[in-house]
Amino acid sequence: MVINDIKITRSIIEEYYAFTRDFLDCDVVIVGGGPAGMTAAYYTAQQGLRTVVLESRLSPGGGMWGGGMFFNQIVFQPEAGEILQELGISYTANREGYLVVPSYRAVASLILAADRAGARILNGITAEDIMVRENRVCGVVINWTAAVKLGMHVDPLCIGGKVVIDATGHDAGIVRTYLDKSGGSLPEDEEERIRTSSMWAAKGEEMVVEYTRFITEGLIACGMSVSSLFNTPRMGPIFGGMLFSGRKAAELALDYIRKVKA
(Lines give C-alpha, C1' and ligand atoms only; values in the text may rest on other atoms or scores of the structure.)
Protein backbone atom coordinates (compact mmCIF):
# COMPACT_ATOMS: atom_id res chain seq x y z
CA MET A 1 0.00 0.00 0.00
CA VAL A 2 1.26 3.46 -0.94
CA ILE A 3 0.74 5.93 1.89
CA ASN A 4 -1.17 8.97 0.64
CA ASP A 5 -1.25 12.17 2.72
CA ILE A 6 -4.55 13.38 1.28
CA LYS A 7 -6.24 10.05 2.01
CA ILE A 8 -4.93 10.14 5.56
CA THR A 9 -6.47 13.58 6.03
CA ARG A 10 -9.75 12.51 4.42
CA SER A 11 -9.90 9.45 6.67
CA ILE A 12 -9.55 11.56 9.81
CA ILE A 13 -12.16 14.13 8.77
CA GLU A 14 -14.71 11.58 7.57
CA GLU A 15 -14.32 9.31 10.58
CA TYR A 16 -14.49 12.17 13.08
CA TYR A 17 -17.68 13.40 11.43
CA ALA A 18 -19.23 9.93 11.60
CA PHE A 19 -17.94 9.49 15.17
CA THR A 20 -19.68 12.64 16.44
CA ARG A 21 -22.72 13.03 14.16
CA ASP A 22 -25.03 10.67 16.03
CA PHE A 23 -24.00 11.99 19.44
CA LEU A 24 -24.97 15.62 19.02
CA ASP A 25 -28.31 14.89 20.69
CA CYS A 26 -27.57 12.56 23.58
CA ASP A 27 -29.14 11.03 26.61
CA VAL A 28 -26.19 12.00 28.81
CA VAL A 29 -23.50 14.65 28.33
CA ILE A 30 -20.64 14.28 30.79
CA VAL A 31 -18.31 17.25 31.09
CA GLY A 32 -14.94 16.10 32.40
CA GLY A 33 -13.11 12.84 31.75
CA GLY A 34 -11.63 12.23 35.19
CA PRO A 35 -12.37 9.14 37.29
CA ALA A 36 -15.89 10.20 38.31
CA GLY A 37 -16.87 11.29 34.80
CA MET A 38 -15.47 8.19 33.13
CA THR A 39 -17.11 5.90 35.66
CA ALA A 40 -20.44 7.65 35.06
CA ALA A 41 -19.88 7.23 31.32
CA TYR A 42 -19.25 3.52 31.70
CA TYR A 43 -22.43 2.91 33.67
CA THR A 44 -24.72 5.08 31.55
CA ALA A 45 -23.42 3.69 28.26
CA GLN A 46 -23.62 0.16 29.62
CA GLN A 47 -27.34 0.72 30.22
CA GLY A 48 -27.82 1.72 26.59
CA LEU A 49 -27.88 5.47 27.11
CA ARG A 50 -26.33 7.55 24.35
CA THR A 51 -23.39 9.03 26.26
CA VAL A 52 -20.71 11.54 25.30
CA VAL A 53 -17.76 12.66 27.43
CA LEU A 54 -16.22 16.08 26.80
CA GLU A 55 -12.65 16.42 28.07
CA SER A 56 -10.97 19.81 27.77
CA ARG A 57 -7.47 18.33 27.87
CA LEU A 58 -5.94 16.02 25.29
CA SER A 59 -5.59 13.25 27.87
CA PRO A 60 -8.59 12.12 29.94
CA GLY A 61 -7.93 10.82 33.43
CA GLY A 62 -8.05 13.91 35.61
CA GLY A 63 -6.11 13.78 38.86
CA MET A 64 -5.43 10.06 38.66
CA TRP A 65 -2.35 10.49 36.46
CA GLY A 66 -0.27 12.11 39.20
CA GLY A 67 -0.92 9.48 41.86
CA GLY A 68 0.12 10.94 45.20
CA MET A 69 2.63 13.78 44.78
CA PHE A 70 3.79 12.28 41.45
CA PHE A 71 4.32 8.82 42.95
CA ASN A 72 2.33 7.07 40.24
CA GLN A 73 0.40 4.72 42.50
CA ILE A 74 -3.16 5.37 43.61
CA VAL A 75 -5.17 3.86 46.44
CA PHE A 76 -8.73 2.57 46.69
CA GLN A 77 -10.54 1.39 49.79
CA PRO A 78 -11.42 -2.34 49.78
CA GLU A 79 -15.11 -1.53 49.19
CA ALA A 80 -14.19 -0.26 45.72
CA GLY A 81 -12.95 -3.70 44.64
CA GLU A 82 -16.27 -4.63 43.05
CA ILE A 83 -16.28 -1.54 40.82
CA LEU A 84 -12.60 -1.99 39.94
CA GLN A 85 -13.27 -5.53 38.81
CA GLU A 86 -16.29 -4.44 36.77
CA LEU A 87 -14.20 -1.76 35.08
CA GLY A 88 -11.41 -4.24 34.38
CA ILE A 89 -8.88 -2.48 36.61
CA SER A 90 -6.53 -5.01 38.17
CA TYR A 91 -5.11 -4.14 41.59
CA THR A 92 -2.92 -5.35 44.41
CA ALA A 93 -4.17 -5.63 47.99
CA ASN A 94 -1.33 -4.37 50.18
CA ARG A 95 -0.45 -5.11 53.79
CA GLU A 96 -2.22 -1.94 54.93
CA GLY A 97 -5.51 -3.33 53.66
CA TYR A 98 -5.85 -0.97 50.69
CA LEU A 99 -6.12 -1.71 46.97
CA VAL A 100 -3.22 -0.19 45.04
CA VAL A 101 -3.07 0.41 41.29
CA PRO A 102 -0.48 2.13 39.06
CA SER A 103 -2.08 5.37 37.96
CA TYR A 104 -1.49 4.74 34.25
CA ARG A 105 -3.18 1.35 34.46
CA ALA A 106 -6.18 2.79 36.28
CA VAL A 107 -6.62 5.59 33.74
CA ALA A 108 -6.10 3.40 30.68
CA SER A 109 -8.46 0.70 31.94
CA LEU A 110 -11.15 3.22 32.88
CA ILE A 111 -11.04 4.94 29.49
CA LEU A 112 -11.14 1.59 27.71
CA ALA A 113 -14.09 0.41 29.83
CA ALA A 114 -16.13 3.52 28.99
CA ASP A 115 -15.24 3.22 25.31
CA ARG A 116 -16.14 -0.46 25.12
CA ALA A 117 -19.45 0.25 26.86
CA GLY A 118 -20.28 2.58 23.98
CA ALA A 119 -19.51 6.05 25.32
CA ARG A 120 -18.05 8.61 22.90
CA ILE A 121 -15.04 10.51 24.24
CA LEU A 122 -14.25 13.89 22.67
CA ASN A 123 -10.99 15.33 23.96
CA GLY A 124 -9.60 18.82 23.43
CA ILE A 125 -13.11 20.27 23.70
CA THR A 126 -14.31 22.70 26.38
CA ALA A 127 -17.92 23.13 27.47
CA GLU A 128 -17.96 26.90 27.86
CA ASP A 129 -21.66 27.44 28.48
CA ILE A 130 -24.95 25.63 29.06
CA MET A 131 -28.27 25.32 27.25
CA VAL A 132 -31.46 25.83 29.27
CA ARG A 133 -35.03 25.31 28.09
CA GLU A 134 -38.05 25.81 30.36
CA ASN A 135 -35.87 25.84 33.48
CA ARG A 136 -34.17 22.56 32.54
CA VAL A 137 -30.51 22.17 31.62
CA CYS A 138 -30.61 20.38 28.28
CA GLY A 139 -27.13 20.63 26.82
CA VAL A 140 -23.81 22.43 26.66
CA VAL A 141 -22.11 24.94 24.39
CA ILE A 142 -18.75 23.70 23.13
CA ASN A 143 -15.59 25.02 21.54
CA TRP A 144 -12.05 23.84 20.94
CA THR A 145 -10.01 24.22 24.12
CA ALA A 146 -7.21 25.81 22.11
CA ALA A 147 -9.57 28.51 20.84
CA VAL A 148 -10.85 29.16 24.37
CA LYS A 149 -7.36 29.42 25.87
CA LEU A 150 -6.17 31.72 23.09
CA GLY A 151 -9.18 33.98 23.58
CA MET A 152 -10.15 33.66 19.94
CA HIS A 153 -13.63 34.91 19.07
CA VAL A 154 -14.81 31.73 17.39
CA ASP A 155 -18.52 31.00 17.50
CA PRO A 156 -19.23 27.75 19.35
CA LEU A 157 -21.41 24.74 18.59
CA CYS A 158 -23.57 22.72 20.96
CA ILE A 159 -24.43 19.22 22.14
CA GLY A 160 -27.83 18.43 23.60
CA GLY A 161 -28.59 15.98 26.37
CA LYS A 162 -31.46 14.90 28.56
CA VAL A 163 -29.01 15.02 31.47
CA VAL A 164 -25.75 16.94 31.87
CA ILE A 165 -23.25 15.68 34.45
CA ASP A 166 -20.71 18.14 35.81
CA ALA A 167 -17.53 16.14 36.38
CA THR A 168 -15.21 19.09 35.77
CA GLY A 169 -13.38 18.67 39.06
CA HIS A 170 -12.34 21.57 41.27
CA ASP A 171 -13.74 24.14 38.83
CA ALA A 172 -17.31 22.77 39.00
CA GLY A 173 -17.60 24.87 35.86
CA ILE A 174 -20.98 23.71 34.59
CA VAL A 175 -22.80 24.11 37.91
CA ARG A 176 -21.19 27.49 38.54
CA THR A 177 -22.23 28.64 35.08
CA TYR A 178 -25.79 27.57 35.82
CA LEU A 179 -25.80 29.34 39.18
CA ASP A 180 -24.38 32.53 37.65
CA LYS A 181 -26.97 32.59 34.89
CA SER A 182 -29.96 31.60 37.01
CA GLY A 183 -29.14 33.62 40.09
CA GLY A 184 -29.77 30.42 42.03
CA SER A 185 -28.00 28.82 44.95
CA LEU A 186 -27.07 25.33 46.00
CA PRO A 187 -29.77 23.25 47.67
CA GLU A 188 -29.56 23.41 51.45
CA ASP A 189 -29.89 20.41 53.72
CA GLU A 190 -31.26 20.46 57.23
CA GLU A 191 -28.32 18.52 58.57
CA GLU A 192 -25.14 20.38 59.45
CA ARG A 193 -22.38 20.15 56.86
CA ILE A 194 -18.70 20.16 57.59
CA ARG A 195 -17.53 23.43 56.09
CA THR A 196 -13.86 22.69 55.67
CA SER A 197 -11.57 21.56 52.92
CA SER A 198 -8.73 20.33 55.14
CA MET A 199 -7.47 16.77 54.71
CA TRP A 200 -9.81 14.14 56.14
CA ALA A 201 -9.91 11.26 53.68
CA ALA A 202 -12.53 9.16 55.44
CA LYS A 203 -15.06 11.98 55.73
CA GLY A 204 -14.22 13.42 52.32
CA GLU A 205 -14.77 10.08 50.57
CA GLU A 206 -18.09 9.61 52.34
CA MET A 207 -19.39 13.12 51.65
CA VAL A 208 -18.43 13.30 47.99
CA VAL A 209 -20.77 10.37 47.39
CA GLU A 210 -23.46 11.67 49.73
CA TYR A 211 -23.63 15.04 47.96
CA THR A 212 -23.59 13.66 44.42
CA ARG A 213 -26.99 14.91 43.30
CA PHE A 214 -29.17 16.91 40.96
CA ILE A 215 -28.43 20.61 41.30
CA THR A 216 -31.41 21.50 39.15
CA GLU A 217 -33.52 19.64 36.63
CA GLY A 218 -31.24 18.06 34.05
CA LEU A 219 -27.97 18.87 35.86
CA ILE A 220 -26.04 16.51 38.16
CA ALA A 221 -22.78 17.22 40.01
CA CYS A 222 -20.36 14.40 40.80
CA GLY A 223 -16.76 13.79 41.82
CA MET A 224 -14.53 16.69 42.77
CA SER A 225 -17.17 19.11 41.50
CA VAL A 226 -19.21 18.05 44.53
CA SER A 227 -16.26 18.56 46.84
CA SER A 228 -15.69 22.04 45.45
CA LEU A 229 -19.35 23.08 45.53
CA PHE A 230 -20.10 21.79 49.02
CA ASN A 231 -16.64 22.45 50.44
CA THR A 232 -16.18 18.91 51.73
CA PRO A 233 -12.89 17.74 53.26
CA ARG A 234 -10.16 16.93 50.76
CA MET A 235 -9.39 13.24 50.46
CA GLY A 236 -5.99 13.23 48.81
CA PRO A 237 -4.80 10.36 46.56
CA ILE A 238 -7.58 7.88 47.37
CA PHE A 239 -10.05 7.45 44.54
CA GLY A 240 -12.81 5.09 45.62
CA GLY A 241 -15.13 8.01 46.30
CA MET A 242 -14.71 9.19 42.71
CA LEU A 243 -15.83 5.81 41.38
CA PHE A 244 -18.77 5.57 43.77
CA SER A 245 -19.79 9.15 42.95
CA GLY A 246 -19.64 8.45 39.21
CA ARG A 247 -21.74 5.33 39.61
CA LYS A 248 -24.30 7.22 41.70
CA ALA A 249 -24.48 10.00 39.09
CA ALA A 250 -25.14 7.36 36.43
CA GLU A 251 -27.92 5.83 38.52
CA LEU A 252 -29.52 9.25 39.04
CA ALA A 253 -29.32 9.99 35.31
CA LEU A 254 -30.81 6.63 34.38
CA ASP A 255 -33.75 7.02 36.78
CA TYR A 256 -34.40 10.56 35.53
CA ILE A 257 -34.34 9.57 31.86
CA ARG A 258 -36.64 6.63 32.49
CA LYS A 259 -39.16 8.99 34.07
CA VAL A 260 -38.86 11.48 31.20
CA LYS A 261 -39.45 8.74 28.63
CA ALA A 262 -42.32 7.15 30.59
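In this predicted model, His170 counts as exposed because its relative accessibility, 58%, lies over the 50% cut-off. The residue is found in the loop that runs between strand E9 and helix H6 (173-182), and, leaving aside residues up to four places away in sequence, His170 touches Met224 and Ser228.

His170 is also one of two positions, the other being Asp155, at which UniProt, in an unreviewed entry, places the feature "binding site". These positions are spread over 16 residues of sequence and are likewise spread in space, with up to 26.3 Å between C-alpha atoms. Of the annotated residues, His170 is included in the lining of the largest pocket. Asp155, for its part, lies in the loop between helix H5 (145-150) and strand E9 (157-166). With a relative accessible area of 70%, which is over the 50% cut-off, Asp155 is therefore classed as exposed.

The interior was examined next. In soluble globular proteins, nonpolar side chains tend to be buried together. The largest nonpolar core of the model has 76 residues, and those with the most contacts inside this core are Val29, Leu54, Phe76, Val140 and Ile165. Helix H9, which spans residues 240-261, supplies the largest share of the core, namely nine residues. For Phe76, when residues up to four places away in sequence are not counted, the residues touched are Met64, Leu84, Tyr98, Leu99, Val101, Ile238, Phe239, Gly240 and Leu243; among these contacts, Gly240 and Leu243 fall within the residue range of helix H9 (240-261).

Cysteine pairing was considered separately. A disulfide is a covalent bond between the sulfur atoms of two cysteines. The structure holds zero disulfides.

Note on methods:
Residues are numbered from 1 along each chain as its sequence is written. This is a predicted model: local features need pLDDT of at least 70, side-chain atom pairs count only at pLDDT 80 or more; totals for chains, interfaces and linings use all residues. Side-chain values use heavy atoms; hydrogens and water are left out. A nonpolar core is a set of buried Ala, Val, Leu, Ile, Met, Phe, Trp, Tyr and Cys residues joined through side-chain atoms within 4.5 Å. Buried means under 20% relative accessible area, exposed over 50%, partly exposed in between (1.4 Å probe, protein chains only). Helices (H or I, at least four residues) and strands (E, at least two) are DSSP runs, numbered from the N terminus. Contact means heavy atoms within 4.5 Å. UniProt positions are given in the numbering used here, feature names are shortened, and annotations may be inferred rather than shown by experiment. On a 1 Å grid over the protein atoms alone, a cavity is a set of points where a 1.4 Å probe fits but cannot get out, and a pocket is an open set with protein on both sides within 12 Å along at least five of seven lines; lining residues have an atom within 4 Å of a point. A disulfide is a pair of cysteine sulfur atoms within 2.5 Å.
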